[in-house]
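Please read the notes below beside the sequence and the model. They cover a domain interface and some salt bridges.

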Amino acid sequence: MYVAVKGGEAAINNAHRLLADRRRGDRSLPSLTIEQIVAQLGLAVDRVMAEASLFDPSLAALAVRQSRGDLIEAIFLLRAYRTTLPRFGVSVPLDTARMQVERRVSATYKDLPGGQLLGPTFDYTHRLLDPSLLEDQDVEEPARRPAPEEEIMRVSDILAHEGLIETDGTFPDDHVAGDLTREPMEFPMPRDLRLQALARGDEGFLLALAYSTQRGFGRTHPFVGEIRIGEVELEMDVPEMGFSVSLGRIKVTECQMVNQFKGSAKAPPQFTRGYGLVFGQSERKAMSMSLVDRALRAQEFGEDIVAPAQDEEFVISHSDNVQATGFVEHLKLPHYVDFQAELALVRGMRAEIAARDTDDDMQEAAE
Amino acid sequence: MDVAKDAVAAAGGIGRQRAAGLLAKATKDELKAAWDALADKPGVRPVRGPETGLVMVRGSIGGGGAPFNLGEATVTRATVLLASGTAGHAQALGTSKEKVRLQAIFDALWQEGATQAWVEAALLTPVEARLAEEDRRRADETAATRVDFFTMVRGED
């Protein structure tokens with residue numbers, strides 16, 4: 001039964017007014033600017049862009065500000081915004097080999113062309129709170145050293161020269177990359193669609209699944225072949241101009257995970273791979289994505305599907321935090337009528353049992 | 001001026017592609033300053049936009065394999081027509097309509113023989129130099145974080 005009920009309009013208006021007040025907080029403090037959020041909370045902005053699946057640092061910062069720092073709320077806001085815009089087209093695939101690298105590390109080779117470039121990392125910090133950040137102290141300029149004119153070669157290409165690793169994933173030539181924003185989800189799902197879902201998936205969810213594979217629930221024996229972070233050129237074919245043109249640059253994080261072998265009667269064993277690519281700087285997410293990508297390829301490699309991280313329907317159906325929060329949080333909305341029905345049901349059951357007990361008691365007394 | 005001559009020779013091809021790429025990376029302030037400095041401002045008629053929309057950004061599986069859809073980016077585009085009849089197109093990341101409108105005007109001015117050298121000198125060359133300097137600085141900052149491994153030698157040789 002569905003019953004329309006009106007009311008609460010004034011309460012809702014005042015609640016939103018109160019929200020705006022609490023968002024602003026103490027008026028004697030300066031208000032945060034969008035530029036400050038982009039510049040100083042950049043990794044929060046990156047996470048919002050990645051999981052909203054929309055690259056735009058200023059709008060993501062606006063969403064962070066509007067949501068009071070609730071990042072899933074910010075992701076929701078940005079997702080909603082994107083639905084208001086037309087799509088102009090599809091980019092040329094990003095060429096991460098030509099990245100302006102800001103960080104690049106490999107756990108598989110110590111000495112490799114381009115070297116181990118730590119970049120702006122939290123690694124090797126002692127995770128001690130820094131009281132100097134309580135004050136607005138001057139910050140040193142970064143150190144500089146002339147960069148060599150050396151190509152920062154992809155680790156997968158190094159291994160590929162010897163045929164020791166599977167090639168980059170391919171599809172038949174007539175395969176068109178699927179798009180989750182245009183087509184309903186269907187399982188089994190090809191790897192390109194899974195990667196799209198993982199790229200926008202919740203970092204915490206993917207991190208937990210990735211961790212589960214390390215702890216034995218769908219083990220994949222991973223090594224970080226390479227993580228690279230930096231800006232890549234975004235290009236699009238423009239029919240009016242007759243060639244592809246740069247739209248600017250975007251920052252991405254890429255992770256090449258190298259996993260244990262697969263061979264067959266026909267082909268000698270070689271390393272398998274998982275791939276992660278994420279908007280902005282987020283190696284935790286890119287690493288998790290690559291681990292889950294590899295785990296989800298279980299069927300392709302003839303592995304037994306025994307763990308949650310290998311179950312594509314389970315992983316992909318639950319990785320989107322906007323969908324997840326929508327369904328979980330809808331429970332707090334009025335369910336008065338549903339609940340009245342449940343109340344009537346439980347009262348009826350109790351009355352039935354009480355009546356039966358009374359009958360039994362009377363019977364016992366009679367005997 | 002050699003640059004400009006080469007660009008004319010390749011007009012509609014590599015030259016314009018390079019120009020369009022630099023215009024996309026020019027800031028609104030750079031474009032505005034060049035427009036303000038332009039002595040003989042042309043009549044400009046909007047043909048399309050400026051309008052903001054989305055471009056689906058593609059990645060490649062494994063870095064070089066089959067394409068997949070990574071996520072979208074906001075892009076603003078515009079087409080203008082100069083009084084001379086030359087059309088200019090522009091597109092850039094972000095939502096700044098004024099920046100992209102100016103970009104489209106300079107794309108048109110770059111295609112015209114009379115103004116190409118001026119656009120090169122007043123806008124494209126400085127933008128190119130700024131980008132090169134920023135890239136150099138960032139590459140040097142990253143290079144300073146490169147690990148120099150050394151081997152611990154134990155005992156005497």
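1. A:E203 and A:R47 form a salt bridge through their side chains, with N and O 3.9 Å apart. The term salt bridge is used for a side-chain nitrogen of Lys or Arg within 4 Å of a carboxyl oxygen of Asp or Glu. Side chains of opposite charge can pair when their charged atoms come close.

2. This is a predicted model, in which local features need pLDDT of at least 70 and side-chain atom pairs count only at pLDDT 80 or more, while totals for chains, interfaces and linings use all residues. Residues are numbered from 1 along each chain as its sequence is written, chains are lettered from A and ligands numbered from 1 in the order in which they are written, and side-chain values use heavy atoms, with hydrogens and water left out.

3. Chain A is assigned domain 1 (9-82) and domain 2 (96-120 + 151-168 + 183-319); such bounds come from an automatic or database domain assignment. The C-alpha centres of the two domains lie 30 Å apart. In contact (heavy atoms within 4.5 Å) are 11 residues of domain 1 of chain A and 13 residues of domain 2 of chain A.

4. Domain 1 and domain 2 of chain A bury about 1000 Å² between them, with 54% of it on carbon and sulfur atoms. Buried area here is the accessible area (1.4 Å probe) that two parts lose on being put together, summed over both. Of the area that domain 1 of chain A buries against domain 2 of chain A, 47% is supplied by A:A50, A:E51 and A:F55, more than by any other three residues. Across this interface the rule finds 2 salt bridges.

5. Which chains does the pair B:E72 and A:R87 link? The pair runs from strand β2 (residues 67-82) of chain B to strand β2 (residues 87-90) of chain A; strands are DSSP runs of E, at least two residues, and helices are runs of H or I, at least four, both numbered from the N terminus. B:E72 is buried, at 1% relative accessible area, whereas A:R87 is partly exposed, at 22%. Buried means under 20%, exposed over 50%, and partly exposed in between (1.4 Å probe, protein chains only).

6. In helix α5 (residues 113-143) of chain B, B:D140 and B:R136 lie 4 residues apart, about one turn of the helix. Their side chains meet in a salt bridge at 3.4 Å, N to O. B:D140 is buried, at 8%, and B:R136 is partly exposed, at 34%.
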